[in-house]
Amino acid sequence: MFGLILQSTNIITSAEKYELPIEVYDASEARKKWPQFTMPDQFRAILEKNSGYLKSELAIDTYVKEAKRLGAHEQFNT
């Protein structure tokens with residue numbers, strides 16, 4: 001499940017600062033909601049429904065292709 005993150009106070013603080021909608025679950029609630037995950041009792045789960053993931057290889061390849069299109073030259077391992 002994307003957006004499920006275990007135990008992080010920094011995430012809650014950032015979400016509040018930037019007004020991001022999150023749902024926080026204690027370990028018991030999270031185990032009921034997502035039985036495929038196991039976690040210690042002191043953990044929390046944080047769900048941000050608008051989150052996603054990045055395919056880093058595709059992103060890098062796309063950035064390189066766009067840079068080349070705009071006239072850049074590759075200089076890897078320099």
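Predicted model: local features only at pLDDT ≥ 70, side-chain atom pairs only at ≥ 80, totals over all residues.
**Entry 1: a lysine and a ring**

I started at lysine 33, which lies over the face of tryptophan 34, 5.6 Å from the ring centre.

Next I looked up how covered tryptophan 34 is. Its relative accessible area is 4%, so tryptophan 34 is buried.

**Entry 2: rings**

How many aromatic pairs does the structure hold? I found 1. The partners are tyrosine 25 and tryptophan 34, with ring centres 5.1 Å apart. Their planes stand at 85°, and over 60 degrees counts as edge-to-face, so that is what this pair is. I needed both numbers because a pair of aromatic rings is described by the distance of the centres and the angle of the planes.

I checked tyrosine 25 as well: it counts as buried because its relative accessibility is 14%, and the cut-off for buried is under 20%.

**Entry 3: the core**

Both ring residues turned up again in my next search. The largest nonpolar core has 7 residues, and Tyr25 and Trp34 are among them.

I moved on to the loop between strand 3 (44–47) and helix 3 (56–69), where asparagine 50 lies. Glutamate 48 is found in that loop too.

Is glutamate 48 buried or exposed? It is buried, yet I found no salt bridge for it. The nearest side chain of opposite charge belongs to lysine 49, and that is 9.4 Å away. A salt bridge needs the atoms within 4 Å, so I crossed that one off.

What I did find is a polar atom of the glutamate 48 side chain 2.6 Å from the backbone nitrogen of asparagine 50. Asparagine 50 itself counts as exposed, because its relative accessibility is 64%.

I also checked asparagine 50 against glutamate 74. They are 24 residues apart along the chain, and their C-alpha atoms are separated by 34 Å.

Last stop: glutamate 19, in the loop between helix 1 (9–17) and strand 2 (23–26). Its phi is near 55°, a positive value in a residue other than glycine. I noted it because most residues other than glycine have a negative phi. Glutamate 19 has a relative accessible area of 71%, so I put it down as exposed.

How values were computed: Residues numbered from 1 in each chain as written. Heavy atoms only, no water. Helix = DSSP H or I, 4+ residues; strand = E, 2+ residues; numbered from the N terminus. Buried < 20%, exposed > 50% of the residue type's maximum accessible area, 1.4 Å probe, protein only. Core = buried A, V, L, I, M, F, W, Y, C linked by side-chain atoms within 4.5 Å. Lys, Arg positive; Asp, Glu negative; His and termini not counted. Polar contact = N/O pair within 3.5 Å; in protein donor to acceptor, adjacent residues only side chain to side chain. Phe/Tyr/Trp six-rings, centres within 6.5 Å; stacked < 30°, edge-to-face > 60°. Lys NZ or Arg CZ within 6 Å of the ring centre and 35° of its normal.
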